[in-house]
Amino acid sequence: MSDHDDLIGDAVERLEWNERKEDETPFKRFRQLTRRTALTGGAAGIGALILEACGSSSSSSSSPAGTGTATAATGGGSAAASIFGDNTKYHFVLVNHVTTNPFFTPTQAGAADACSLLGCSYTWTGSATSNVGEMVNAVNTAITAKANGIGVALIDPKAFNKGVGNALSAGIPVVSYNADEPQSGRLAYIGQDLFVSGQQMGDHIVQLLPNGGEIALFIATPGSANIQPRIDGAKDTLKSHPNIKADVVATGAALPAELTAINAWATGHSSAKGMFAVDAGSTQSLAQTIQKQGLKAKGWVGGGYDLTPVTEQLLAAGEIEFTIDQQPYLQGFLPILELYLYNVSKGLSGIADVDTGLKFLDKTTVVPYSSTKSRFEGTGTSPGVQKA
């Protein structure tokens, strides 16, 4: 078979996969027949119809039902099947702790893109408010639904251990992303080295405040394994610099509450020198507060984590000094890729710890982020990178 035929066959498979949820009707079969006839030639189209009539249809079965708040199912897959020798339409579940937080928009894009590439599907579920019980329930639901793999942000040191063990016992691979608890037994972690990143943020704070002063360290949910190690790392660095007095402040998991808490702290600490945060929502909110209250003109400095569109804009405008990119797109793309490879290799390959990075961005280096739109940063929906 020629490369041309391969491409046409792949196109046909993609179109028919997208139609898999439609009811089987004479019109649908006729539409597929005429499409195949037009694209592959009359004999191939008629042959496909005969095979279907004989009960040997090559159309794919539906992937397992979704188990959460959002499901992305995609076509593709025929090219992946030819590479990996597996036509199974795998379904994966990603369990998250703040499902509506804008930080995870590129994470969802990464998962969806991996599914498009591999011909699988995924469900995005968990909790909008870091409710561990809701997340554990989502893991259990995925196990009951016989998902082909689970990715979970392990934000609690013990709560997920039973679920992870049950999944592995049922033959369902589990990886963690964004937050990790190795003792849970998960197979791999995809995300940032959190404690080290906090230490390095502390170094940046020291450089920005050579004369010391009072600062705030904001954290959305103290104790959560995705951000607590960061603030612990920052405090570890700052303990060697007693001239910097750090006030640790919890802000909550929802953006409006974070902004309110940070505005209140800044108003009540007029002699402070700056504000820093270890999560995306608090970083965005402190940048907004600095802008709103005109604190830059008073000599305040600020910084934090991640690249929400607002953080990008305010960093480019010079309202804060830095933010740290941990590549959230990869935290969605790579779990799907690893779980898929684990399945098609029958457990022989696919699982690996991946550090998604520690990249400090300042007013200059953030420009390519703030001047473009892309799924990689959650600022666009189209493939590729476009000008903002």
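Mentor: What follows describes the sheet strand by strand and then turns to the helix contacts.

The model is a predicted one. Its chain has 388 residues, of which 49% count as buried, and its secondary structure comes to 14 helices and 15 strands. Among the contacts in the chain with a separation of 6 or more, 70% are between residues 24 or more positions apart.

The sheet is open and mixed in its pairing, with 6 strands in the order β8-β7-β9-β10-β11-β13. Its edges are β8 (244-250) and β13 (359-361); each has a single partner strand, so one side of each is left without a neighbour in the sheet. From one strand to the next, the twist averages 20°.

At one end of this order, β7 and β8 pair in the parallel sense over 7 bridges. Within that pairing, I219 has A250 of β8 as its bridge partner. Strand β7 is mostly covered, with 7 of its 7 residues buried. The cover extends to both faces of β7: G213, I215, L217 and I219 are buried on one side, and E214, A216 and F218 are buried on the other.

Further along the order, β9 and β10 also pair in the parallel sense, here over 3 bridges. The bridge partner of G274 is V301 in β10. Strand β10 (residues 301-305) is mostly covered as well, since 5 of its 5 residues are buried.

At the other end, the sense of pairing is antiparallel: strand β11 (residues 322-325) and β13 are joined over 3 bridges.

Two packed helices are described by the angle between their axes and the distance between the axes.

Consider helix α8 (residues 194-208) and helix α9 (residues 228-238), whose axes come within 6 Å and cross at roughly 45°. That angle makes α8 oblique to α9, and the crossing of the two is right-handed. On the α8 side, the contact involves L194, F195, S197, G198, Q199, M201, G202, D203, I205 and V206. These residues meet P229, R230, D232, G233, A234, D236, T237 and L238 in α9. By class, the residues of the contact of α8 with α9 divide into 8 nonpolar, 6 polar and 4 charged.

For helix α11 (residues 280-292) and helix α12 (residues 309-316), the axes come within 9 Å and cross at roughly 40°. The two helices are therefore oblique to each other, and the crossing of α11 and α12 is left-handed. From α11, T283, Q284, A287, Q288 and Q291 meet V310, T311 and L314 of α12. The residues of this contact of α11 with α12 comprise 3 nonpolar, 5 polar and no charged.

A further pair is α5 and helix α13 (residues 330-344), with axes that come within 6 Å and cross at roughly 35°. Helix α5 passes α13 in a right-handed crossing. The α5 side of the contact consists of T107, G110, A111, D113, A114, C115, L117 and L118, and the α13 side of Q331, G332, F333, I336, L337 and Y340. The residues of the contact of α5 with α13 divide into 9 nonpolar, 4 polar and 1 charged.

Leaving aside residues up to four places away in sequence, A109 touches Y329 and R375. A109 and L330 are 221 residues apart in sequence, yet their C-alpha atoms are 9.4 Å apart in space.

Key: Residues are numbered from 1 along each chain as its sequence is written. This is a predicted model: local features need pLDDT of at least 70, side-chain atom pairs count only at pLDDT 80 or more; totals for chains, interfaces and linings use all residues. Side-chain values use heavy atoms; hydrogens and water are left out. Axes are lines fitted to C-alpha atoms, for helices over the stretch in contact, and angles run from 0 to 180 degrees between N-to-C directions. Helices (H or I, at least four residues) and strands (E, at least two) are DSSP runs, numbered from the N terminus. Angles under 35 degrees count as roughly parallel, over 145 as roughly antiparallel, 65 to 115 as roughly perpendicular and the rest as oblique. A crossing is left-handed if the near helix is turned anticlockwise from the far one by less than a right angle, and right-handed if clockwise. Contact means heavy atoms within 4.5 Å. Ala, Val, Leu, Ile, Met, Phe, Trp, Tyr, Cys and Pro count as nonpolar, Asp, Glu, Lys and Arg as charged, and the others, Gly among them, as polar. Two strands pair if DSSP finds at least two bridges between them. Buried means under 20% relative accessible area, exposed over 50%, partly exposed in between (1.4 Å probe, protein chains only).
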